[in-house]
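Colleague: Could you take me through this model, starting with where the chains meet?

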Number of protein chains: 2
Amino acid sequence: MTDKNTQLTSTISEDNKLTLALTDIAIPQPSADEVVIRIEAAPLNPSDLAVMFSVANMTSASQSGSDVNPVITADVPAQFMPAVKTRVGKATPVGNEGAGTVVAAGSSPAAQALMGKTVAVIGGGTYRQYLAANVRSCLVLKDGTTAKEGASSFVNPLTALAMVATMRAEGHKAIIHAAAASNLGQMLNRICIADGVDLINIVRKTEQETLLRNMGAKYVVNSSSETFITDLTAAIIETGATIAFDPIGGGRLTSDILNCMEVAAARDMKEHSVYGSDTFKQVYIYGALNRGPISLNRNFGFAWGVNGFLLFNALGKLGTETVVAMRKRVADEITTTFASHYTHEVSLAEALQLASIASYGKQATGEKYLITPQKSN
Amino acid sequence: MTDKNTQLTSTISEDNKLTLALTDIAIPQPSADEVVIRIEAAPLNPSDLAVMFSVANMTSASQSGSDVNPVITADVPAQFMPAVKTRVGKATPVGNEGAGTVVAAGSSPAAQALMGKTVAVIGGGTYRQYLAANVRSCLVLKDGTTAKEGASSFVNPLTALAMVATMRAEGHKAIIHAAAASNLGQMLNRICIADGVDLINIVRKTEQETLLRNMGAKYVVNSSSETFITDLTAAIIETGATIAFDPIGGGRLTSDILNCMEVAAARDMKEHSVYGSDTFKQVYIYGALNRGPISLNRNFGFAWGVNGFLLFNALGKLGTETVVAMRKRVADEITTTFASHYTHEVSLAEALQLASIASYGKQATGEKYLITPQKSN
């Protein structure tokens with residue numbers, strides 16, 4: 001255990017500037033219910049980018065400082081400043097999850113039990129070398145699981161599991177997933193195959209279609225294809241899917257999904273109704289890959305819902321027992337069902353290079369960054 | 001009881017034509033649980049227009065036949081024909097509700113008990129002289145209530161009551177209503193005043209604002225005003241409204257409402273969150289006065305829902321006991337809380353004049369038609 005601790009922070013200042021920087025901080029002391037984790041791996045998820053970039057215009061980003069201590073600054077458009085006023089002037093730690101080794105533990109038995117273990121952790125700003133965390137925020141990984149394998153144990157695995165659990169809780173029988181070739185989408189595909197749930201994967205590239213089919217996906221439709229609407233409708237007719245999860249939001253995909261669901265449902269109607277079918281159709285929007293307006297062209301009657309979907313709210317609705325079972329499954333299957341793939345591993349300083357930011361800022365499916373804070377620069 | 005029975009029907013034919021016509025039919029005989037109602041008054045609601053005009057282009061309408069037996073024809077754009085294929089070739093009776101005198105009753109005690117009573121009725125095509133209806137579709141009006149007073153006993157009163165009941169059932173404490181100067185909006189305003197529920201009325205004209213204020217409305221905001229967003233936000237802050245009902249749909253009003261709710265909710269946040277506030281914000285869309293796309297500009301976080309709202313589904317969720325209490329309240333208060341105002345009374349033949357269609361087809365707030373089928377032409 002070295003005496004160096006550096007954290008990656010994002011700060012918006014009153015002069016409409018965003019600053020990303022590495023700051024030396026003290027190595028924390030654990031309180032009774034806390035452990036100190038040497039963070040060895042932490043993923044860069046879209047939700048991390050939202051904290052990191054906030055409302056800044058990243059095309060204006062410039063780099064200063066040194067190679068080992070880079071500083072990124074970018075402009076925040078004036079009209080967005082009111083929306084972020086509660087974070088102005090505060091250095092916000094970045095990193096929602098990660099994994100590493102417990103190197104110090106508080107006095108409680110629960111904390112002591114984790115000493116020396118490899119754990120995954122949620123919350124707190126994981127883009128640093130040493131993080132103090134409450135034991136309840138930790139998931140003990142099985143012997144032999146590495147920190148890199150366990151780095152993404154919370155956000156994507158629990159979101160994918162929450163989708164399947166929500167489908168069941170709300171009485172649907174098959175799922176549609178958009179941007180389905182993502183790490184999360186691949187997990188969802190494996191869960192659905194294991195659990196016998198029909199899943200319609202929507203992708204926008206042929207290679208993503210191939211990837212998912214090679215992973216055993218039965219239903220894959222390509223939104224770039226001329227036959228997309230027909231293909232999606234046919235898959236809905238075959239599976240009876242009436243719930244969809246979409247991380248894109250902006251544009252007309254949500255509307256297209258609802259319309260295809262309605263066409264499938266209306267097939268069985270003998271009498272015309274001006275209100276459309278009685279079949280309830282639900283789209284949950286769980287991201288904002290497209291920040292533009294969501295455009296709903298209603299040809300889908302009155303039995304429909306479009307809702308924001310946020311992991312912590314969804315877990316709250318599903319209840320503690322379900323969540324405990326989910327966490328156990330994640331730990332048991334982190335190298336199989338919940339395996340993540342990263343295309344880049346970077347140190348904290350490498351994460352703050354303009355070229356890196358331009359790359360992971362695209363949030364392109366198939367490009368995934370892992371931060372390894374112990375890597376020297 | 002004459003031997004004449006004429007019904008208003010809407011027919012789409014395979015050659016892409018819509019035909020509205022009056023057809024002579026037999027006076028029905030009631031089965032055991034039915035009564036025959038001499039329909040004396042029936043309102044023209046937006047839901048009736050949806051059946052009547054369907055997907056036809058009414059700007060292409062032309063009139064033929066005679067003055068006492070007019071026939072309206074209009075073009076149905078070819079691209080809409082698949083959506084209505086289950087009604088092609090079928091003469092669809094129009095008229096969702098109405099009121100009149102029971103002139104014949106089936107053998108069951110429940111039916112016999114209605115003999116001679118003035119009743120309101122839901123369903124069946126009320127734009128005719130004589131309608132057979134199950135007793136469960138009838139609401140007995142109090143002695144002294146006229147058919148004209150009771151003609152709108154179901155659609156608007158129950159929708160307004162269902163809005164307040166849904167607000168309570170889903171844990172909200174104040175309501176936003178769009179297009180609030182409508183007959184339905186005026187009922188909702190009276191219910192909310194009586195029940196002590198805060199209601200924010202959104203209108204788009206100064207005279208509508210005056211009308212509602214004169215009826216005791218405390219919160220009225222004008223969407224045509226330059227200060228609309230500020231005014232709406234201030235009213236939300238004052239009332240804590242987190243649920244809205246909107247009959248318009250198309251355009252950006254739903255989005256504006258959600259954004260104003262979020263601004264109000266975010267005032268209390270001490271910490272910035274990229275996910276927005278935890279306050280759940282709901283908009284129910286219960287009509288399609290604007291059939292254009294609903295455009296959602298998300299600045300309202302992830303705790304939100306936009307849903308279709310259909311009276312019968314809402315009543316199903318609220319349960320029989322609540323609905324029975326609602327029906328009783330409607331009968332008790334039909335000339336006060338649930339009073340409707342009509343600007344035009346027309347016979348069946350007068351309803352099928354091009355000039356009438358052009359007038360009620362606008363669905364303008366403040367213009368409301370009542371059909372009186374017993375009126376000779």
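What follows is a short exchange on the interface and on some strands.

Modeller: This is a predicted model, in which local features need pLDDT of at least 70 and side-chain atom pairs count only at pLDDT 80 or more, while totals for chains, interfaces and linings use all residues. Residues are numbered from 1 along each chain as its sequence is written, chains are lettered from A and ligands numbered from 1 in the order in which they are written, and side-chain values use heavy atoms, with hydrogens and water left out.

Colleague: Which residues of chain A lose the most area to chain B?

Modeller: Contact here means heavy atoms within 4.5 Å, and 41 residues of chain A touch 41 residues of chain B in that sense. The two chains bury about 3100 Å² between them, 56% of it on carbon and sulfur atoms; buried area is the accessible area (1.4 Å probe) lost when two parts are put together, summed over both. Three residues together give 21% of what the chain A side buries: A:H272, A:R298 and A:F302.

Colleague: How many residue pairs are in polar contact across the interface of chain A and chain B?

Modeller: The rule finds 0 salt bridges there, a salt bridge being a side-chain nitrogen of Lys or Arg within 4 Å of a carboxyl oxygen of Asp or Glu. A polar contact is a pair of N or O atoms within 3.5 Å; within protein, one must be able to donate a hydrogen and the other to accept it, and residues adjacent in sequence count only if both atoms are side-chain atoms. With both residues at pLDDT 80 or more, the number of such pairs is 12.

Colleague: Which element gives the largest share of the side of chain A that touches chain B?

Modeller: Helices (H or I, at least four residues) and strands (E, at least two) are DSSP runs, numbered from the N terminus. Those of chain A that give two or more residues to this side are α1 (46-53), β15 (249-251), β17 (290-296) and β18 (304-308). The largest share, 6 residues, comes from β17(A).

Colleague: What is the bridge partner of A:V306 in β18(B)?

Modeller: Two strands pair if DSSP finds at least two bridges between them. β18(A) and β18 (residues 304-308) of chain B run antiparallel and are joined by 3 bridges. In β18(B), the partner of A:V306 is B:V306.

Colleague: Which strands stand at the edges of the open sheet in chain B?

Modeller: Its 5 strands follow the order β4-β5-β2-β1-β6, with antiparallel pairing. Each edge strand has a single partner, so one side of each is left without a neighbour in the sheet. The edge strands are β4 (57-65) and β6 (92-93) of chain B.
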